Amino acid sequence: MFKPSVLTVSMPKTAFKLLLLFSFSSLTFFAVLLLHLKARNVPAAVPSSLVITRNNTSVNILAAAVRPNTTPTPGRPGGALGPCPDGPPNLLGSLYVEFRTNRTLQDVRNLVGPFLQQGGRYRPSSCVARQKVAVIIPFRNRYEHLTHWLHYVHPVLMRQQLDYGVYVINQDGDGAFNRAKLMNIGFVEALIEYDYDCFVFSDVDLVPIDDRNLYRCSDHPRHLSVAVDKFNFILPYATIFGGVSALSKQQFLKVNGFSNTFWGWGGEDDDMSQRISYRRMFISRPDSVTGRYKMIQHERDSHNDPNPRRVQKLTETYFNIIKDGLSTLSYTVREIRKDLLYTLVTVDWFWFSFSFLKLSC
Ligand code: UDH
Ligand code: NGS
C-alpha cells in the first residue's frame, strides 16, 4: 500500500522537474541563437548599401565612403595639379631586398617617415594620383616582418605615385586566426577614414622585388604575387589568389567581400577566386618577371593550423556568396593607433559567434 503511494506522488514531481528543465534549456537555446544571428547581421540578400556592426554602432559603408576627407593633404602646394602620368616616371625595375638585418621600426621611421603623414599616408606632391589605394595587411604578432615590409614597400608605393594608406588589421587574443575576416574589416575601416577606390590585400611577409608591379586596381580583380621565391618564381596553380591581390571598391562589393568563416590556414583565397568567377569577372596578373616577390621565411604560427574543412567549404562558395561576407561582417574595434608608418586597427569579435561559427566551419 505504502510503496505505490510513494510512486504516485514522486512520478509527477520528476516529470514536472524534467519539463521545467526542458523548457528552460529551450528558452536559453533560442535566446542564444537570436543573439548569435543578431551578431552576424544575417541578411536576406546583399543589400545595395551595406550596414556593418562596428563597436555596436551600425555603419553604412557606402555613405562612409563619400564622407569628405578630413585628413590633411600631405605636402600639397596650392593651385590645381594635373593627373599623374599613367606610367610613373621614377620606377627602378628590379630591386635588391634583404631580410637578414637588425632593422628596427625606428630605423624605418627615420628613413621613410619624413615623406609620410601619420597613419602611413602619402600623396604625391607634384600631381594628382590616379587611384586612392588602401593597403590592408591581416596581422597578428609579426612585428619583425612588418618592419621589413614597411621598409621596402613604402618607397615602392611612393615611386608609384599613389595616394595611399597602410592599414594593419590586428587580430586581438589567441583564437583561431581569420585572415579573410580581417581583410573585410580592413576594407570597412579604411573606407570610414577616406574615400579609397582600390584595395590591395597583402600578407605581411611578401615584399615585391620589382617596382613596376603597380599596387593599383584594374578592370578585373588583380593577383599581384604571381612569382614568389618560395615557389621558385612559378605560379603554383592557375586560380591562386592568395598573397597579394587588388580589388576595386566596386569589385569587392560585387563579390560581397571575403567569406568570414574560414578559421585557421587555407582556402579563403580560393573561395575569393571562386566568388570572382561566379560574378563573371576574371583574375588579371602582371607578367612573371614584374610579379616577382621575396617571402620572409617563417614557421607556422600558433592558432593558425590548416582548416580541416577548407576543401569541403570550397564546394559551398556559390551558395554562400550572398549569406557570408561583408553583409554579415560583425566585429568590435578595440583600438585604432596611428603610427607614422601605418594605422593599426586592433579588433576582435563576440565569443559566441566565434564558437558557433567554429562549430559550423
Ligand atoms: N598572419 C599573421 N599572424 C599569424 C598568422 C597569419 O600576421 O599568426 C598573417 C600575415 O600577414 C601572413 C598571412 O596572415 O603573411 C598569411 O599567413 P601565413 O604566412 O601563415 O601563411 P603562409 O601560407 O604560410 O604564408 C603558411 C605556414 C607555412 C609554414 C612553413 C613551415 N616551414
Ligand atoms: C592552397 C591553399 C591556399 C593557399 C595556397 C598557397 O593549397 O589557401 O595553397 O599556400 N588552398 C587550400 O588549402 C584549399 S602557401 O604555400 O602560400 O602557403 O594560399
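Biologist: Hi! Which helix gives the largest share of the lining of the largest pocket?
Modeller: That would be α7, which supplies three residues to the lining. Keep in mind that we're looking at a predicted model.

Biologist: Okay, and which other elements give two or more residues to that lining?
Modeller: Besides α7 (268-278), there are β4 (132-139), α4 (143-159) and α8 (310-313).

Biologist: How much space lies in this pocket?
Modeller: About 1100 Å³. The lining is made of 43 residues, and the closest to the pocket's centre are Asp203, Asp205, Trp265, His298 and Asn304.

Biologist: What classes of residue make up the lining?
Modeller: You'll find 14 nonpolar, 14 polar and 15 charged residues there.

Biologist: Which residues come nearest to ligand 1?
Modeller: Out of 14 residues around ligand 1, the nearest are Pro138, Arg140, Arg142, Val204 and Trp265.

Biologist: Which polar atoms are close to the oxygens of ligand 1, say for Pro138?
Modeller: For Pro138, a polar backbone atom is 2.7 Å from an oxygen atom of ligand 1. Arg142 uses its side chain instead, with a polar atom 3.0 Å from a ligand 1 oxygen. Asp301 also has a side-chain N or O atom 3.3 Å from an oxygen of ligand 1.

Biologist: And how much of ligand 1 does the protein cover?
Modeller: Taken on its own, ligand 1 has 670 Å² of accessible area, and the protein covers 82% of that.

Biologist: What does the shell around ligand 1 look like by class?
Modeller: It has seven charged, five nonpolar and two polar residues.

Biologist: Which residues surround ligand 2?
Modeller: Here's the set: Lys230, Phe231, Tyr237, Trp265, Gly266, Gly267, Asp269, Asp270, Arg310 and Leu314.

Biologist: How far is Arg310 from an oxygen atom of ligand 2?
Modeller: A polar atom in the Arg310 side chain is 2.6 Å from a ligand 2 oxygen. For Gly267, a backbone N or O atom lies 2.8 Å from an oxygen of ligand 2. With Lys230, a side-chain N or O atom is 3.2 Å from a ligand 2 oxygen.

Biologist: Last one: what classes are in the shell around ligand 2?
Modeller: Four nonpolar, four charged and two polar residues.

Terms used. Residues numbered from 1 in each chain as written. Chains lettered and ligands numbered in written order. Predicted model: local features only at pLDDT ≥ 70, side-chain atom pairs only at ≥ 80, totals over all residues. Heavy atoms only, no water. Near = heavy atom within 4 Å. Polar contact = N/O pair within 3.5 Å; in protein donor to acceptor, adjacent residues only side chain to side chain. Areas by Shrake-Rupley, 256 points an atom, 1.4 Å probe, with all protein chains shown as cover. Nonpolar A, V, L, I, M, F, W, Y, C, P; charged D, E, K, R; others polar. 1 Å grid on protein atoms, 1.4 Å probe; cavity = no way out; pocket = protein on both sides within 12 Å on 5 of 7 lines; lining within 4 Å. Points joined across faces, edges and corners; volume = space filled by probe spheres on them. Helix = DSSP H or I, 4+ residues; strand = E, 2+ residues; numbered from the N terminus.
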